Amino acid sequence: MSGIKNQINLNTLPSHIAVIMDGNGRWAKMKGKLRTFGHENGVKSVRETVEACAELGVKYLTLYAFSTENWNRPKFEINALMSLLVSTISKEEKTLMENNIRLQTIGNTDSLPSKVRKELQQLIDRTATNTRMTLVLALSYSSRWELTEAVKAIAAQVAEGKLKLESISEDIINQNLQTVGMPEPELLIRTSGEHRISNFLLWQISYAELYFTDVLWPDFRKEHLYEAILSYQQRERRFGMTSEQVNA
Ligand code: IPE
Ligand code: IPE
Ligand code: MG
């Protein structure tokens with residue numbers, strides 16, 4: 001088991017890993033339990049992934065925890081997810097402080113219940129000066145929402161005469177996204193065997209390496225993360241160039 005970790009080249013780690021944590025409902029159903037049992041058991045996988053990334057030296061970890069579209073789920077499940085968020089956030093403060101991890105969020109957090117917002121803001125403030133790794137929770141997040149907000153913000157700057165139309169660049173777009181200041185994810189992991197992006201970081205993953213595993217999120221452990229990183233490190237990232245150019 002530890003063998004696999006030793007194969008990882010620490011000099012070529014992705015600086016940012018993004019994860020679509022999927023399969024909680026199916027995991028619970030297979031055990032004859034309610035879907036919410038799956039969400040509860042996904043918390044351990046979050047902790048393992050956060051720890052593993054911090055231990056290795058990954059600088060940014062973004063976890064897709066709740067999408068804009070997830071608001072369409074049954075009210076019972078949404079409520080359970082929101083309470084789970086509150087209880088988990090307050091419990092994880094110790095882990096974040098001990099591991100020197102800073103918490104941030106991306107998404108339309110204004111749409112979250114006030115109790116969740118309050119707990120989140122407290123933990124964001126308390127961990128603001130931590131430097132080992134940044135943990136980003138995507139909450140009420142979707143890429144189309146983020147891009148729409150960015151377009152609105154940029155259009156407003158142009159309308160107010162603060163920005164010239166000709167000055168709009170990829171950099172200006174980056175500056176108006178939720179992920180401003182973060183490096184692009186080099187590795188995107190999705191669990192549960194689904195091969196889709198589900199409205200996650202569409203702009204930012206333009207050149208990310210995609211890794212799909214059949215493991216359901218509540219079963220995801222450090223070893224699974226190591227496997228994903230090893231797969232990433234075996235790939236040649238060409239960015240439009242030829243293999244010969246990359247290796248020159
Ligand atoms: C991921 O698991 C958690 C959230 C989307 C909040 P799911 O709840 O989507 O589980 P499946 O995909 O139905 O198995
Ligand atoms: C994506 O999972 C969102 C999160 C993991 C939070 P979903 O389970 O909601 O995605 P779809 O609906 O199957 O595409
Ligand atoms: Mg799902």
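The residues around ligand 2 are Ile20, Met21, Asp22, Tyr64, Ala65, Phe66, Ser67, Asn70, Arg73, Arg190, Arg196 and Ser198, where a residue counts as near a molecule if one of its heavy atoms lies within 4 Å of it. The model is predicted, so to speak of local features requires pLDDT of at least 70, side-chain atom pairs count only at pLDDT 80 or more, and totals for chains, interfaces and linings use all residues. Residues are numbered from 1 along each chain as its sequence is written, chains are lettered from A and ligands numbered from 1 in the order in which they are written, and side-chain values use heavy atoms, with hydrogens and water left out.

- By class, this shell holds five nonpolar, three polar and four charged residues; Ala, Val, Leu, Ile, Met, Phe, Trp, Tyr, Cys and Pro count as nonpolar, Asp, Glu, Lys and Arg as charged, and the others, Gly among them, as polar.
- Strand S2 gives the most to the shell around ligand 2, with four residues; helices (H or I, at least four residues) and strands (E, at least two) are DSSP runs, numbered from the N terminus.
- Oxygen atoms of ligand 2 lie 2.6 Å from a polar side-chain atom of Ser198, 2.7 Å from a side-chain N or O atom of Arg196 and 2.9 Å from a polar side-chain atom of Asn70; a polar contact is a pair of N or O atoms within 3.5 Å.
- On its own, ligand 2 has 390 Å² of accessible area, of which the protein covers 78%; such areas come from the Shrake-Rupley method with a 1.4 Å probe.

**Ligand 1 and its surroundings**

- The side chain of Asp22 places an N or O atom 2.8 Å from an oxygen atom of ligand 1.
- From the backbone, a polar atom of Gly25 is 2.9 Å from an oxygen atom of ligand 1, and an N or O atom of Gly23 is 3.3 Å from one.
- Ligand 1 exposes 380 Å² when taken alone, and the protein buries 86% of that.

**The largest pocket**

- The largest pocket has a volume of about 880 Å³; a pocket is an open set of points on a 1 Å grid over the protein atoms alone, where a 1.4 Å probe fits, with protein on both sides within 12 Å along at least five of seven lines, and lining residues have an atom within 4 Å of a point. The volume is the space filled by probe spheres set on the points, which are joined across faces, edges and corners.
- Of its 39 lining residues, Met21, Asn24, Tyr64, Ala65 and Phe66 are the closest to the centre.
- H4 gives the most to this lining, with eight residues.
- The lining comprises 19 nonpolar, 10 polar and 10 charged residues.
- Ligand 1 takes up space that is the largest pocket, and ligand 2 sits in the largest pocket; a molecule sits in a pocket if more than half of its atoms lie within 2 Å of its grid points.

Methods
A polar contact is a pair of N or O atoms within 3.5 Å; within protein, one must be able to donate a hydrogen and the other to accept it, and residues adjacent in sequence count only if both atoms are side-chain atoms.
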